[in-house]
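Please look over the sequence and the structure shown here before reading the report that follows.

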Amino acid sequence: MRITGDQYLIKKINKSIVFDTIRQNHPISRAQISETTNLNKGTVSSLVKDLIDDNLVYEIGPGESSGGRRPVMLLFNHVAGFAIGVDLGVNYILTVLTDLEGNPVEEIRTTLENISFDSVISTLFQSIRTLIERAPDSPRGIVGIGIGVPGIVEEKGTVLFAPNLGWKNVNLSEIVKKEFQLPVTVHNEANAGAIGEHLFGAGKDTKNLVYVSVGIGIGTGIIINNDLYKGALGFSGEMGHSVIESHGKKCRCGNRGCWELYASERAFLEQAKTLSIDSADSTEEFNLDWYLQAANEGNDEVIRLFHQAGEYLGIGLTNIVNTFNPELIIIGNRFAKAEKWISQPIRRIVENRALPYHRGHMKIAFSSLGAHSCALGAASVSITNFFSDMKISVE
Ligand SMILES: [Zn+2]
């Protein structure tokens, strides 16, 4: 029998419906799929056979019977392939291997001593290569690589501007694709973090949220109605450069008084240099972890500085609350480690300053994926792309 274009299209659509049903509801029987999808049992059986042949679905022993013979149950084969997610930070690279459900399997964290372009790229390649080697054997292998970068990223994966890395017009997706011959996507790190928290973290089951990535700079990822809001060209979310002091400090972006000059990790570390801290060891590196420990040991000056950073964060968050009316704001990235010290000042400022209608049902949370929001979010985009290759959209 010749299969016409229409039949082929319908089969592909039905197959993706059956596959999604299994992924979202497994373990599930063929009869249950037929009930859920309204596809007849013969069609379901034939499509399930295809999915089993594709290694995406497998059978397990009989489930509970509703009378009569106990049915064979179907499971989504979440280790049919693996994805790689990368958080390319300013002073570190975190690379995570996940299964097709986005569960982390392996990870590598490397500190970037040297942020010269060649050194960053070679460290990036090395960590991706190591994870590819460590990935368990699977029928589909590595389905894709997703990379989050602290900068402005154009849709095809060119990093237009990443001031903290000193990058301009770096076609990162091509560079990585060429090396590994795999699908590669590149994202702004806050957008990737927002996707990660929305799928797996503090933002699960939340339709409208803003993820605020507070690291060396500040970026935000905006989820509206369960979708990432990208803006016309994909550059939305640069809230770190919203002005909170009209005649304030000069910013690398060309403007003055940007929020991230007052509330980011870098701003905190610069301010901290002015503290009268005595240390026996002059070679000690005064980084965020050092100050967190000092605060834990009761250093009042350091604690006061964390409170001040929290207040400045609260000012920017107030603008976000009033603009987006989110259900949830998630504070993530490195500075979230200071939750104990910044949480109260943030909440106090938002409580005092945001419009009462907006803050009513709004929650402020700290990232529940910790340092992993961006890498897991980036990996999940590769998985989504792999699955959507199976689909044909009929709009
Ligand atoms: Zn700026």
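## The zinc site

Donors are taken to be N, O and S atoms within 2.8 Å of the metal, and water is not among the atoms, so a site may look incomplete. In this predicted model, the zinc ion is coordinated by ND1 of His241 and by the SG atoms of Cys251, Cys253 and Cys258, at 2.0 to 2.3 Å. Along the sequence these donor residues follow the spacing H-x9-C-x1-C-x4-C.

Why is the arrangement around the zinc ion tetrahedral? The four donor atoms subtend angles of 104 to 121 degrees, and four donors count as tetrahedral if all angles lie between 85 and 135 degrees.

Cys258 is buried because its relative accessible area of 0% falls under the 20% limit. Cys253, by contrast, is partly exposed, since its relative accessibility is 38% and that class lies between 20% and 50%. Cys374 has a relative accessibility of 4% and therefore counts as buried.

With a disulfide taken as a pair of cysteine sulfur atoms within 2.5 Å, the count for the model comes to zero.

Strand 9, which covers residues 159–162, pairs with strand 10, residues 167–170, in the antiparallel sense over three bridges. Within this pairing, Val159 of strand 9 stands opposite Val170 in strand 10.

The two strands form a hairpin in which four residues lie between strand 9 and strand 10, and Gly166, located in the turn, has a positive phi of about 75 degrees.

Technical notes: Residues are numbered from 1 along each chain as its sequence is written. This is a predicted model: local features need pLDDT of at least 70, side-chain atom pairs count only at pLDDT 80 or more; totals for chains, interfaces and linings use all residues. Side-chain values use heavy atoms; hydrogens and water are left out. Buried means under 20% relative accessible area, exposed over 50%, partly exposed in between (1.4 Å probe, protein chains only). Two strands pair if DSSP finds at least two bridges between them. Donors are N, O and S atoms within 2.8 Å of the metal (3.2 Å for Na, K and Ca); water is not among the atoms, so sites may look incomplete. Four donors count as tetrahedral if all angles lie between 85 and 135 degrees; four count as square planar and six as octahedral if opposite donors are over 155 degrees apart and all others between 65 and 115; anything else is irregular.
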